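Let's take a walk through this one together. Have the viewer open and follow along as we go.

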Amino acid sequence: MVSKAFSVTSVLAILISAGVYRFRSFYFPSIECNSDPPISFGSNISWNACNVFSLEYESARSKFRNAVRQLEDRVDIEKFALDVVDGDDSMTIDIAVIKGTRDGVVVHSSGTHGVEGYAGSAIQISFLQLLQEDPIVDRPTVVLVHSVNPYGMKHYRRVNENNVDLNRNAIADFDKFLKERHPNIANYDSYRDFISPERAPSAWEVTLGWWISGIHKLIVHGFASLKQVLVAGQYHHPTGFSYGGAERQPSIEILTKFMQEHGFLEGKVVWIDVHTGLGKFGKDTLLLEETTETEDSLQHIFPTAEHIVTPNVEDKKAMGGYDLTRGMVLAFLQEKNPSGLYLLQEFGTLPPIFVGRSLILENMVYHYGTNKTVGRQFLQPSFYPQSSEWRASIVTRGVALLLQSIDYSNSLNRSS
């Protein structure tokens with residue numbers, strides 16, 4: 001039986017590997033795009049998505065800052081730059097606070113997972129450009145948080161400068177958590193040689209070997225078990241995959257302090273945190289930790305979302321397998337202000353096995369390879385595919401959710 005499964009695995013691996021090379025040039029070009037089909041918002045507003053996306057962190061930050069400056073004569077706006085990478089002010093969390101004309105706060109954050117920040121950045125820049133044409137007179141205060149993890153965004157990693165996954169790091173009491181959580185709760189150590197081997201990947205693994213090993217494990221152990229190992233987070237292997245750290249990281253601490261000091265974590269705040277990697281290509285899944293809204297009402301409030309997942313939904317689509325995951329940023333923020341509505345907006349990219357492979361190989365290259373920058377070739381196609389269709393969908397759906405959140409915030413404050 002094992003021999004037959006291995007034979008099937010080999011055939012599938014060859015077919016998939018051939019497919020990788022077929023689309024690699026499409027999803028990983030060396031230059032930025034020049035012109036996408038125009039994206040329209042309303043009857044008079046349209047733009048080229050290439051103008052709001054970037055291939056480098058420095059370009060994304062510059063576009064965000066320029067868009068903020070261009071709004072200064074149109075709306076009441078403040079800008080901040082938070083230093084979160086010790087001794088390096090070239091990597092910052094940039095924040096734009098667009099003062100509202102009514103009560104309420106809507107927060108939109110990008111780049112918690114570094115490389116995934118290019119999507120959220122493009123949405124924020126698009127929204128700022130939209131305000132140049134239509135300032136939206138009736139609005140709450142809107143807070144745009146650009147690149148929560150600037151190191152990861154700049155270096156095309158999901159983790160930060162300490163190899164910590166920020167979305168496994170937002171733990172209220174780390175000492176208590178580490179004492180109570182079993183290190184091997186999701187069988188990380190059982191799969192450690194597969195997901196976090198302490199060596200650089202060989203040319204054989206990069207081309208075909210990983211597919212044979214990975215698909216064989218998928219057949220033997222099942223998708224659900226492997227996904228849970230990958231997403232649960234671990235706290236005892238600092239150079240390993242999905243490491244949550246041993247203490248809260250500066251990005252979490254500094255951002256939380258800023259939001260509390262400015263009163264943005266009080267009352268009925270609506271917070272959107274943008275991610276990429278899971279789900280249908282270019283489509284968005286909304287994940288909510290806790291909410292008093294019903295599923296029907298959420299679908300009415302956010303009609304453009306492809307899927308909405310709450311704790312009560314049995315079929316969690318792309319967001320399944322997170323039962324053992326702790327330390328997610330939005331859950332941490334919700335503990336501090338339970339009155340808010342916290343939305344994780346996840347845009348799909350490639351099939352899960354491609355995403356998992358890229359994360360495993362990138363971690364091996366970064367820690368044990370001779371050239372850390374090579375890891376970019378794995379993560380960029382998996383979290384930031386270079387596709388006109390994908391870019392258009394991210395901007396359209398991302399801005400739509402932000403506008404719907406503004407309407408929702410207005411409705412809450414009208415009724416209160």
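Predicted model: local features only at pLDDT ≥ 70, side-chain atom pairs only at ≥ 80, totals over all residues.

Residues are numbered from 1 along each chain as its sequence is written, and side-chain values use heavy atoms, with hydrogens and water left out.

Back to the pair. Helix α9 covers residues 250-261 and α11 covers residues 329-336; they pack at about 35 degrees, with axes 12 Å apart. Axes here are lines fitted to C-alpha atoms, for helices over the stretch in contact, and angles run from 0 to 180 degrees between N-to-C directions. Helices themselves are DSSP runs (H or I, at least four residues), strands are runs of E with at least two, and both are numbered from the N terminus. On the α9 side, the contact (heavy atoms within 4.5 Å) is made by Ile252, Thr256 and Gln260, and on the α11 side by Val329, Phe332, Leu333 and Lys336. Sorted by class, that gives four nonpolar, two polar and one charged residues. In this scheme Ala, Val, Leu, Ile, Met, Phe, Trp, Tyr, Cys and Pro are nonpolar, Asp, Glu, Lys and Arg are charged, and the others, Gly among them, are polar.

Is Thr256 buried or exposed? With a relative accessible area of 8%, Thr256 is buried; the cut-offs are under 20% for buried, over 50% for exposed and partly exposed in between (1.4 Å probe, protein chains only). Setting aside neighbours within four places in sequence, Thr256 is in contact with Leu265, Phe332, Leu333 and Lys336.

Now slide along to the loop between α9 and β7 (270-281), where Phe264 sits. Phe264 is buried too, with a relative accessible area of 8%. Not counting residues up to four places away in sequence, Phe264 touches Val97, Val105, Thr141, Val143, Phe258, Met259 and Val269. Val107 is 157 residues away along the chain, yet its C-alpha atom is 8.1 Å from that of Phe264.

For another helix pair, look at α2 (residues 57-71) and α3 (residues 117-133), whose axes come within 9 Å and cross at roughly 20 degrees. That makes α2 roughly parallel to α3, since angles under 35 degrees count as roughly parallel, over 145 as roughly antiparallel, 65 to 115 as roughly perpendicular and the rest as oblique. This crossing is left-handed, with the near helix turned anticlockwise. The contact residues divide into 10 nonpolar, four polar and one charged.

In α8 (residues 223-232), the buried residues include Leu226 and Val229, and the buried set packs against α6 (192-195), α7 (203-221) and β7. Gly233 follows α8, with a positive phi near 90 degrees.

Finally, zoom out. The chain has 14 helices and 10 strands, and 55% of its 416 residues count as buried.
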